[in-house]
Amino acid sequence: VLDKEDSVCLREITTEGLRAALCYHNSFVVIWSGPGIGWVETSLHPIGLSLHGFERDIRAEKLQTKVAVVCHRYGAAETAQQISDAGVQAVVWMSQDLMGNGCTLLFDVLYPVMRLILEGQQEVQVQQLLEKKWKVLQLNDRVGRGVKISAPLVRSDTWAVVGSAQRKVTNSMELMVPSNVTTDGLKALTLQSSGRDGLMVELRRRVIKLTEHDAKLELAVCDLHQPAELVSKMQVEWTSCRTNKVFKLHLLGSGATDASRCRAVALEAVMGCVVDEKCDLLWRVQSSEDAKLLERVLQTSEADWSKILVWVDLVEESEESLADELKKLLKPGKLCRENSIVVLLLTSGGSDTLWEAAEDLSEQ
């Protein structure tokens, strides 16, 4: 429904998750499928008996969601009315979930209906298209369905939310935090380090290799808030005055899609730290070679780095030597010095092996 560069997020819904989707997570279109509010045991599904209780919260917030689709076997019309009353501009509902013929409903019914909504059509036109698709596809006519549009969407509504995802770091911006993540970082490292030329040659080669896959990482629209929250957690540690400490943050992801999302959030957060110069040293570790290079940089450096960020990004099958190198680095007096505070950010690729390797490192 949105342009191809925009993102789709699938998640199991909870009371907090629904509030977040409607208010905070930049979700422009929310599709909610299930039996219906109150028709699942609370122990199995944490949605409450009704939308009352956080409906006021939704009204109080500046809503990101403009279109909601409610696919509930029971109470779909009532839930749709509550969401509409809370301030969502356009709501489509049907008394059927997406568990059976979900592909037909999504692509042959909801897709064209949502396109019409996003084009700014009136409620009557959208309702007519919904009925036409239902009839052409010979769907069960006894299934309730309907459309509620408080005001037609305009083009500015449609793209106001996703516009914030288009931020780019300009080529003219110098990212001068000492680092192996950017070429500017290497320049800063050269200025602050007494390292030999051979070390800088090795580092330049690693920078090229480290960044060649980053272009494939895309921050999902519903994750736009996550990098800032992650940086805030790092800032709490860096300003805690608890020096000679290592604080670990493990971004968990189940499966390849979630792992990619976590790595995209990490990359955006890391670059935010570089742009805003929130840390004194940033280092990305994907192999034992990266860990060894960091140790050499620390040995040859004349700089006093008090706020250090190490991003351990496991994307290839982990070597045992990497864990050993990190253990050495984390010993007192190495990476973690008398006046330094270290944040260790852990992400991994999509395989179970990589996830377990990251989990093991987080527990060291």
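The protein chain holds 13 helices and eight strands. The mean pLDDT of the protein chain is 76. Of its residues, 71% reach 70 or more. Over residues 42-49 the pLDDT is below 50. That stretch still makes 15 contacts in the model beyond near neighbours in sequence. Residues 156-173 also have a pLDDT below 50, and they make 21 contacts beyond near neighbours in sequence. Where pLDDT is low, predicted coordinates should not be read in detail.

Now the chain as a whole. It has 364 residues, and 47% of them count as buried. Take the contacts with a separation of 6 or more: 75% come from residues 24 or more positions apart.

Next, helix 3, residues 76-86. Its buried residues are Ala-76, Thr-79, Ala-80, Gln-82, Ile-83, Ser-84 and Ala-86. Gly-87 follows helix 3. The phi of Gly-87 is positive, near 125°.

Helix 11 covers residues 288-300. The buried residues of helix 11 include Leu-293, Leu-294, Val-297 and Leu-298. Ser-288, Asp-290, Ala-291 and Glu-295 are buried in helix 11 as well. An α-helix has 3.6 residues a turn, so residues three or four places apart point the same way.

Technical notes:
Residues numbered from 1 in each chain as written. Predicted model: local features only at pLDDT ≥ 70, side-chain atom pairs only at ≥ 80, totals over all residues. Heavy atoms only, no water. Helix = DSSP H or I, 4+ residues; strand = E, 2+ residues; numbered from the N terminus. Expected span 1.5 Å × (residues − 1). Buried < 20%, exposed > 50% of the residue type's maximum accessible area, 1.4 Å probe, protein only. Contact = heavy atoms within 4.5 Å. pLDDT = per-residue confidence, 0-100.
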